Amino acid sequence: MLFDTHVHLNADQFQEDIITVIERAKDAGVHHMVVVGFDEITINRALELVENYDWLYAAVGWHPVDAIDFNDDYLKWLEQLSSHPKVVALGEMGLDYHWDKSPKDVQKEVFRKQIQLAKKVKLPIIIHNREASEDIVTILKEENAQEVGGIMHCFSGSLETAKQCLQMNFHISFGGPVTFKNAKKPKEVAKQIPIDKLLIETDCPYLAPHPYRGKRNEPAYVKLVAEQIAELRGISVEEIAEITTANAKKLFGIS
């Protein structure tokens with residue numbers, strides 16, 4: 001039984017065959033998924049999906065790349081959505097210094113507002129981090145994000161960064177890149193972090209694992225992530241599936 005903690009089944013890439021993709025996931029042993037919304041369109045699609053499938057859950061937040069489009073009305077909307085019975089986290093949120101659509105100071109302000117909201121509504125947060133580890137860690141500390149904890153999504157940072165996040169009550173989640181041959185950092189971290197803080201994901205349709213690298217990713221492939229981590233840690237894939245599912249359920253408050 002696998003739990004994919006980060007999917008974008010609400011993305012355009014799945015609009016034509018969403019039912020088939022979901023069926024393939026279930027056939028592959030994926031029994032739970034969190035559909036992550038990161039702007040107005042994807043949040044609405046996420047909610048529509050989770051209302052139609054009892055084993056799908058939602059996270060709602062605002063992506064740092066689009067922080068320039070965020071306003072107080074959206075913040076109020078996120079607060080309203082946080083009480084939805086299928087919303088289990090806020091996010092994805094964070095910082096992205098790769099693209100330059102939103103200035104860094106705007107990204108930081110929107111990130112802080114979402115952390116503050118999460119503490120108010122008592123939901124864990126899902127963190128997007130691209131080329132911004134130092135500022136991410138600083139803001140999480142300054143905003144006392146350990147009150148709610150959450151997930152460092154699709155982690156690619158150093159073991160030192162992982163340790164700082166673990167101290168703040170965060171789980172470390174691995175996606176397709178941990179299966180890449182040259183992924184030294186993710187493999188090292190996946191091998192060493194406490195197993196009760198370990199999660200798996202696909203981030204589909206992005207970042208497909210080997211041997212599907214470069215193609216559309218989908219939730220069924222989360223099994224390949226589980227297999228890679230099982231190999232790295234020297235335990236069975238069944239154990240990884242069981243442990244990461246239990247970790248995710250506990251974090252999201254799913255019975």
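Let's begin with Cys 165, which counts as buried at 0% relative accessibility; buried is under 20% relative accessible area, exposed over 50%, and partly exposed in between, with a 1.4 Å probe and protein chains only. Before going on, a word on the source: this is a predicted model, where local features need pLDDT of at least 70, side-chain atom pairs count only at pLDDT 80 or more, and totals for chains, interfaces and linings use all residues. Residues are numbered from 1 along each chain as its sequence is written, and side-chain values use heavy atoms, leaving out hydrogens and water.

Cys 204 is in no disulfide either, with the sulfur of Cys 154 lying 11 Å away. By this rule, the count is zero disulfides.

Next comes His 128, in strand β5, residues 125–130 (a strand is a DSSP run of E, at least two residues; a helix is H or I, at least four; both are numbered from the N terminus). His 128 is buried, at 12% relative accessibility. Its side chain makes polar contacts with the side chains of Glu 92, at 3.0 Å, and Asp 96, at 2.8 Å. A polar contact is a pair of N or O atoms within 3.5 Å; within protein, one must be able to donate a hydrogen and the other to accept it, and residues adjacent in sequence count only if both atoms are side-chain atoms.

Last, Lys 185 sits in helix α7, residues 184–192, and is partly exposed at 46%.

Methods:
Disulfide = S-S within 2.5 Å.
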